[in-house]
Amino acid sequence: SCLLGIETSCDDTGCAIINDRGEILAETLQSQNLMHLRNGGIIPDVAQDLHRKYIEPTVHKTLQGANISMSDITAIAVTLEPGLPLSLAIGMKYAKHLAKNFKKPIIPIHHMEAHALVARMEHDNISFPFLTLLISGGHCLLAVVQDVNKFLLLGESIDCAPGEVFDKIARRMKLRNIPEYSQLCGGQAIEIAASKATNPHIFKLPLPLAEYKDCNFSFNGLKTSVLYHLFKKERFHNIDADKLIPEVNDLCAATLMATSRHLLHRTQRAMEFCHQNNLIPENKKQFVVSGGVACNNYIFNALTMLCNELEYNIFRPQLKLCTDNGVMIAWNGLEKWWRNIDIVTDLNTLDIKAQSPLGESLVNKVIDAR
Ligand code: ATP
Ligand code: FE
């Protein structure tokens with residue numbers, strides 16, 4: 001049997017086919033990145049138009065790549081929550097169209113659950129339960145994954161997400177005007193700029209929520225501080241950010257250091273909470289980091305050091321599976337198929353959800369775990 005996965009929750013049209021051993025037969029990713037870079041951000045109507053244009057060719061190309069037809073497909077997994085409603089709607093409509101025409105069941109997928117679970121596709125030694133940190137363009141959260149459909153939320157961002165902050169800062173720094181960065185997303189540009197820093201410590205950035213003994217995150221304050229440093233530098237030199245290369249490199253490095261400090265601070269508390277409440281077995285401590293921001297090697301290395309100290313095994317999906325893709329949706333579908341959960345034949349019961357909290361919330365219980 002083969003699973004078809006469709007992902008359209010944000011700005012990438014993704015599709016993949018995997019077989020019942022979890023091997024990828026074909027995958028296609030049609031990115032809208034360049035268009036949105038030109039517009040200075042994602043405009044939902046534009047994203048929807050592009051999904052509408054790309055969805056059919058993307059699915060066809062994937063079927064061709066796998067050298068199979070729809071009749072060989074067992075079920076269709078599709079992201080229905082959370083995401084941009086206009087974008088999600090295109091994936092759902094197309095999945096329903098295929099399901100009806102070819103009489104296939106649909107397996108609805110939660111985008112953030114898929115980000116976490118895809119780590120199990122490559123590392124078949126990751127068993128339940130494990131702790132996960134999901135850091136992306138729209139989310140920042142810590143959760144215990146007890147089963148394919150059983151998540152315990154320990155903490156989440158009370159404002160914006162780290163990837164979103166990187167994208168905004170990069171835009172404000174005009175990094176795209178530097179030819180080397182012109183095709184990159186904000187997070188990638190900041191990572192490269194940071195690697196050229198010589199003196200990051202001249203910029204002081206705050207540790208968010210330092211006084212609050214829970215596992216929640218906040219990135220607004222960090223963003224404001226970075227933008228303020230930038231503003232002061234521009235005024236002092238009386239030139240735009242893209243002409244301030246050494247200072248901007250240092251500020252990018254300071255941003256990554258401050259972000260990592262915050263992520264480590266909250267992750268360490270989550271690990272202690274798991275220990276105190278026996279949520280993670282002492283003889284099998286596993287930590288999965290995923291989502292687009294997990295591609296960042298500075299952040300990943302910092303998390304690796306924390307894991308070494310607290311004796312966790314750290315896992316990260318390969319980089320192209322950390323950012324949005326169809327493979328993680330197909331894989332999540334397969335994990336549900338194996339366990340016979342969420343296999344839907346009555347298509348009328350399916351609908352999209354723009355907002356959708358992950359699992360059961362323990363956020364208020366994680367206080368003073370230290
Ligand atoms: P969500 O999963 O929360 O709905 P999303 O699907 O838009 O959000 P992803 O595709 O998982 O997010 O990740 C995209 C984000 O990852 C972007 O904000 C981008 O800046 C960030 N990102 C990508 N590569 C890097 C990197 N090397 N360093 C830091 N951030 C990165
Ligand atoms: Fe995502």
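How far apart do the end C-alpha atoms of residues 23-331 lie, and how much of the span is helix and how much strand? The ends lie 9 Å apart, and the span is 49% helix and 17% strand. Helices (H or I, at least four residues) and strands (E, at least two) are DSSP runs, numbered from the N terminus.

Ground rules. This is a predicted model: local features need pLDDT of at least 70, side-chain atom pairs count only at pLDDT 80 or more, and totals for chains, interfaces and linings use all residues. Residues are numbered from 1 along each chain as its sequence is written, with chains lettered from A and ligands numbered from 1 in the order in which they are written.

Why that span? The unreviewed UniProt entry annotates residues 23-331 as "domain: Gcp-like". UniProt positions use the numbering here, feature names are shortened, and annotations may be inferred rather than shown by experiment.

Next, helix H9, residues 245-276. H9 has 32 residues and reaches 47 Å from first C-alpha to last, close to the 46 Å expected. The expected span is 1.5 Å times one less than the number of residues. Just after H9, Asn278 takes a positive phi of about 50 degrees.

Now strand S8, residues 150-156. Five of its seven residues are buried, so S8 is largely enclosed by the rest of the structure. Buried means 20 or more other C-beta atoms within 10 Å of the residue's own, with C-beta atoms placed from the backbone.

What does S8 pair with? Strand S7, residues 140-147, is antiparallel to S8 over six bridges. Pairing needs at least two DSSP bridges. A two-residue hairpin joins S7 to S8, and Asp147 bridges to Lys150. Strand S11, residues 360-361, runs parallel to S8, with two bridges. There, Leu153 stands opposite Ser361.

Technical notes: Buried ≥ 20, exposed ≤ 12 C-beta atoms within 10 Å, placed from the backbone.
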